[in-house]
Amino acid sequence: MKLSGTQVVWIIVTTEIVVIIGVNISPTITIAKQDAWLSMLMGGVIGLGLTWLHVKLSVLHPNQTLAQFSQELLGKWLGRLIILPYLITWFALPAGLLRSFADFIHLILLNRTPVWIILLLLICVITYLTSSSGITGIGRFCELVGPIIIVTLIVSFILKIQNIELHHLLPVYSDSGWVNIFKGSITPAYWFAGPFVLLVIISFMQSPKEALSKSILGVSITVFMVLSAILMVLLVFGPNLAAEFRYSYFAAVRTINILEFIQNIDIFIMFIFVFGVVAQSSLYFFIASYETANSFNLEEWRRMVWIGAPVVFILAMMVPDETAIISYDKFWSAIIYPVCGIGIPLFLLIISTVKKNSRENKV
């Protein structure tokens, strides 16, 4: 299984844009008010720094994923212990994402369809995509639908221009201050860098030398599109009203009405959300299955797909309500990412650098 540099770019863009625009805009506006766009910009800069950390660690171990080089650096048992929280996260993320999206579809589009049926259909799709061609198929899927997502968002930006009011962005900074702007940037920053996926997918690149440039490009495109989206939401609704919506960008798209002819384009946004959720869930599910197999030295990683699919379905059905998902988001920002996204990679990077220098000095 191999990925081109272009596929890595589109994997980053496709899997991150939808979740950040769909989930993180309103919470950021709640914290930073009309300066939420500054929070997104700051989050983008932090996200680029975290991306550099993950790519730098990965390229020091060519053709090895996190589960493989962690055991090489720390030994079999400690390496397995360190990978455990990652595996739990990679199985929990698609479950939470699919449940949240299934509830969204149930509320907006299919209110007479049981949520479990929507979940089952989504899990069947991601299971097929993951098991049929692995990361290569996911890369090709993202390469196809990524540009569609970008074009659809740009068109929606243009169509909303008639509804914007510039005074909604004023005053800049003075009402929020840097403390709230920084607080609002933390969760988006973690999502811009992705949930540690670069620690795995870089090993599949045909040209590892392109890893950093392509990863930075993918994150930069994502930051630009998300920044544009949050600006449009603020300019259309203002900070107070925008903060009341759970899916504020979707609500902003529903306001588009040009000469009573161009209306109801929210259905197109729904389609690109489906594309993004399928791509993102498939990516996490593949990584969870593949890394579980690597951690326990299983020869056939696809067997884990058929074991993992029921696990993801059960976890998704166990989510009681939206409040549980919001609580998990807070736990993600406060504990999971600081440990798994910053602490452990930084620790492994230091060990890798020391061992590399030691080998070079011996030579």
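**The core and around it**

Me: Which residues have the most contacts inside the largest nonpolar core?
Reply: Ile25, Tyr86, Trp90, Leu153, Phe196, Tyr249 and Leu283, in a core of 121 residues. Such a core is a set of buried Ala, Val, Leu, Ile, Met, Phe, Trp, Tyr and Cys residues joined through side-chain atoms within 4.5 Å. Buried means under 20% relative accessible area, exposed over 50%, partly exposed in between (1.4 Å probe, protein chains only).

Me: Where does the model come from?
Reply: This is a predicted model; local features need pLDDT of at least 70, side-chain atom pairs count only at pLDDT 80 or more, and totals for chains, interfaces and linings use all residues. Residues are numbered from 1 along each chain as its sequence is written, and side-chain values use heavy atoms, leaving out hydrogens and water.

Me: What does tyrosine 86 touch?
Reply: Leu66, Phe196, Leu199, Cys340, Ile344 and Pro345, leaving aside residues up to four places away in sequence. Contact means heavy atoms within 4.5 Å.

Me: How much of the protein is buried?
Reply: 55% of its 363 residues.

Me: New topic. How many helices and strands are there?
Reply: 13 helices and zero strands. Those are DSSP runs, numbered from the N terminus: helices are H or I, at least four residues, and strands are E, at least two.

Me: And where is leucine 109?
Reply: In the loop between helix H4 (76-108) and helix H5 (115-159).

Me: What does the C-alpha trace span?
Reply: About 70 × 45 × 35 Å along its principal axes.
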